[in-house]
Amino acid sequence: MTAGDGLLADRLASVRARIAAAALDAGRGPQEVRLVVVTKNHPVDAARQLALLGVGDLGENRVDELLAKRDALPGVRWHLVGRLQSNKARDVVGRVALVHGLDRRSLADELSRRAVGAEVEQAVLVQVNVGDDPAKGGCRLGEAAALVAYAAALPGLRVEGLMTVPPLPPAGVPAGQAARPHFAALRRLRDEVVAGVPSAVELSMGMSDDLEAAVEEGATMVRVGTAVLGARPVTEQQVQREEAAG
Ligand SMILES: *Cc1c(COP(=O)(O)O)cnc(C)c1O
């Protein structure tokens, strides 16, 4: 089942209103925060409806799914928000507006090599595992500044900032409250690294349940799926993975 046009438009408007309210609370302009709608697991038709509703930035966490939807909707700025294997670097370079998950030097090397070969400049964010959560991707907080400097010095890469996914909140603690210190730590790190790498201004943080805290702590990009699109349908691949896991 897909959301009807009206429902999708209503949810989108309500997410935009949440972003605007949080920005105003923090003394920021709503236009300082870019909404990236994460369409993973949703059909390409949902992505198409979002584009028609004026959403210019869409995100996916798997390369194959991103490329398939991008073929159908080439006018959208596509964001890769998930983990990236080095052997898929060549599939994304020049095809996505922003890679949110640069987490290691070997991946920076490979993205750079592919970008130089394709004669493009690839924009990236360094993903930081601020909460040191084994379930989440990203480099360690203490390694992030060095990784930013390393990637910024490579040809073909443009480091535009930092990204994080906070740990799941402990039971009973609101998501925003649990995530806020992680968001604040990413912002402090950004304020440090931008002194050496002036292009690294962006802060990609905040999802459906914690976007207000992220915007109040300085997010310039929020990545929102469920609050716009509803619960994600379970995909064929997930069913297969779960069956394989027994
Ligand atoms: C799925 C996903 C999101 C969106 O999450 P929601 O809770 O559905 O808003 C954001 N960021 C990343 C990295 C994701 O994988």
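Visitor: Hi! What kind of model is this, and how are residues numbered?
Guide: It is a predicted model, where local features need pLDDT of at least 70, side-chain atom pairs count only at pLDDT 80 or more, and totals for chains, interfaces and linings use all residues. Residues are numbered from 1 along each chain as its sequence is written, and side-chain values use heavy atoms, with hydrogens and water left out.

Visitor: Let's start with helix 2. Which of its residues are buried?
Guide: In helix 2 (residues 44-52), the buried ones are Ala46, Ala47, Gln49 and Leu50. Helices (H or I, at least four residues) and strands (E, at least two) are DSSP runs, numbered from the N terminus. Buried means under 20% relative accessible area, exposed means over 50%, and partly exposed is in between, using a 1.4 Å probe and protein chains only.

Visitor: Where do they sit around the axis?
Guide: They cover an arc of only 160°, which puts them on the same side of helix 2. The arc is that of the directions from the helix axis to the C-beta atoms. In general, an α-helix has 3.6 residues a turn, so residues three or four places apart point the same way.

Visitor: And what do those buried residues pack against?
Guide: Their partners are helix 1 (5-25), strand 1 (34-38), strand 2 (57-60), strand 3 (77-80) and helix 9 (226-229). Contact here means heavy atoms within 4.5 Å.

Visitor: Can we zoom in on Leu50? What does it touch?
Guide: Not counting residues up to four places away in sequence, Leu50 touches Leu8, Val37, Thr39, Val55, Leu58, Val228 and Leu229. Leu50 counts as buried, at 0% relative accessibility. From C-alpha to C-alpha, Leu50 and Asp5 are 9.2 Å apart in space, and they are 45 residues apart in sequence.

Visitor: What follows helix 2?
Guide: Gly54 does, and its phi is positive, near 95°.

Visitor: Which residues other than glycine have a positive phi?
Guide: Glu119 is one of them, with phi near 55°, and Asp132 is another, at about 50°. Glu119 is in the loop between helix 5 and strand 5, while Asp132 is in the loop between strand 5 and helix 6.

Visitor: Buried or exposed, those two?
Guide: Glu119 is exposed, with a relative accessible area of 73%. Asp132 is partly exposed, at 46%.

Visitor: What about Asn129? Where is that?
Guide: Asn129 lies in the loop between strand 5 (122-127) and helix 6. At 8% relative accessibility, Asn129 counts as buried. Leaving out residues up to four places away in sequence, Asn129 touches Lys136, Gly137, Gly138 and Cys139.

Visitor: You keep mentioning helix 5 and helix 6. At what angle do their axes cross?
Guide: The axes of helix 5 (residues 105-118) and helix 6 (residues 141-152) cross at roughly 15° and come within 10 Å. That makes helix 5 roughly parallel to helix 6. Axes are lines fitted to C-alpha atoms, for helices over the stretch in contact, and angles run from 0 to 180 degrees between N-to-C directions. Angles under 35 degrees count as roughly parallel, over 145 as roughly antiparallel, 65 to 115 as roughly perpendicular and the rest as oblique.

Visitor: Which residues make that contact?
Guide: Helix 5 brings Arg105, Ala108 and Asp109, and helix 6 brings Ala146, Leu147, Tyr150 and Ala151. They divide into five nonpolar, no polar and two charged. For those classes, Ala, Val, Leu, Ile, Met, Phe, Trp, Tyr, Cys and Pro count as nonpolar, Asp, Glu, Lys and Arg as charged, and the others, Gly among them, as polar.

Visitor: New topic: Lys69. Buried or exposed?
Guide: Lys69 is buried, with a relative accessible area of 4%. Lys69 is in helix 3 (residues 63-72). Apart from neighbours within four places in sequence, Lys69 is in contact with Thr39, Lys40, Asn41, His42, Pro43, Val44, Glu60 and Trp78.

Visitor: And His182? What does it touch?
Guide: His182, in helix 7 (residues 175-196), touches Val130, Gly131, Pro166 and Pro167, not counting residues up to four places away in sequence. At 18% relative accessibility, His182 counts as buried.
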